[in-house]
Amino acid sequence: MDNLKLKIENYWNNKNIWIIDKNIKNSVIKVIENIEKGLIRVCELSDNKWIVNEWIKKAIIMYFSIQKMNKIELGPLEFYDKIPIKNKFKEKGIRVVPHAIARYGSYISPGVVLMPSYVNIGAYIGKETMIDTWATIGSCAQIGERVHISGGVGIGGVLEPLQSYPVIIEDDVFIGSRCILVEGVIIKKGAVLGSNVVITSSTKIFDVTNENSTEIKGFIPKYSVVIPGSYPKKFPAGTYYVPCALIIGKRKESTNKKTSLNHALRTHNLSI
């Protein structure tokens with residue numbers, strides 16, 4: 001992998017020869033194959049900190065450049081694109097309900113269920129995760145194990161800037177229906193988001209579980225229970241209410257994951 005990384009880094013600044021140099025093409029294709037097999041991933045957790053592998057992002061961008069447009073036929077369906085569609089789900093132990101689509105160069109672990117949904121290149125989905133109906137997983141988004149992504153959820157992806165995080169969702173997270181998570185936000189282990197929570201890098205997140213609220217941005221702490229909210233903000237035309245996210249409680253880390261999830265949903269009367 002170190003040798004492959006070195007090649008991509010060396011080739012990155014020679015954009016004028018990406019299409020014509022076979023060595024470059026072979027190296028880029030090898031990187032995408034390794035992503036497809038789960039041997040490498042765009043982001044990795046190291047010492048409790050997420051690290052972005054920029055060289056893998058570079059390879060994905062190069063892949064778009066070297067690939068030619070092709071007609072893709074699936075029975076009566078026809079597509080016209082540069083990136084092939086993922087296949088051989090039975091052999092990989094993945095349940096895929098029509099019309100779920102996953103692009104080649106995404107990694108989907110055994111035990112995952114894809115309802116009619118979309119998974120983009122560079123994404124990683126951990127074991128026993130559910131991607132529910134009309135949910136979208138953006139390019140390079142990282143989804144952990146035993147995660148439930150409910151219907152209509154939008155998970156943003158980030159290819160560029162190269163150093164930026166994609167959206168990262170850690171293990172045992174529940175994302176309620178119609179949530180939108182973009183701009184590299186991180187949802188920590190065991191968190192529960194109720195329906196319609198929208199979080200961007202600039203969204204204010206208020207922890208209101210104590211007498212005095214605290215404000216954070218860009219991430220949801222472990223085992224937090226979150227609902228959508230709003231706060232007043234002054235503009236030249238007057239005071240208006242702006243969306244935010246409210247941390248209203250915690251899941252119990254000590255109890256069974258399924259039990260703690262059900263308890264959190266009941267206790268806080270979350271719509272999901």
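In this predicted model, F174 sits opposite V192, a residue of strand β20. The pairing behind this is a parallel one: β17, covering residues 174-175, and β20, covering residues 192-193, are joined by two bridges. Both strands belong to an open sheet of 10 strands with mixed pairing, and reading across it gives the order β5-β8-β11-β14-β17-β20-β25-β26-β22-β23. At the edges stand β5 (95-96) and β23 (214-216); each has a single partner strand, so one side of each has no neighbour in the sheet.

Next come the nonpolar side chains. The largest nonpolar core holds 36 residues, and the members that touch the most others are I169, I175, L181, I187, L193 and I199. What does I187 contact, once its neighbours within four places in sequence are left aside? The list runs to I168, I169, E170, V173, I175, L181, L193, I199 and I220. There is also a second, separate core, made up of 30 residues, with I24, V28, I32 and I60 among them.

That leaves the cysteines. A disulfide is a covalent bond linking the sulfur atoms of two cysteines. With a cut-off of 2.5 Å between the sulfurs, the model turns out to have zero disulfides.

How values were computed
Residues numbered from 1 in each chain as written. Predicted model: local features only at pLDDT ≥ 70, side-chain atom pairs only at ≥ 80, totals over all residues. Heavy atoms only, no water. Core = buried A, V, L, I, M, F, W, Y, C linked by side-chain atoms within 4.5 Å. Buried < 20%, exposed > 50% of the residue type's maximum accessible area, 1.4 Å probe, protein only. Contact = heavy atoms within 4.5 Å. Pairing = 2+ DSSP bridges. Helix = DSSP H or I, 4+ residues; strand = E, 2+ residues; numbered from the N terminus.
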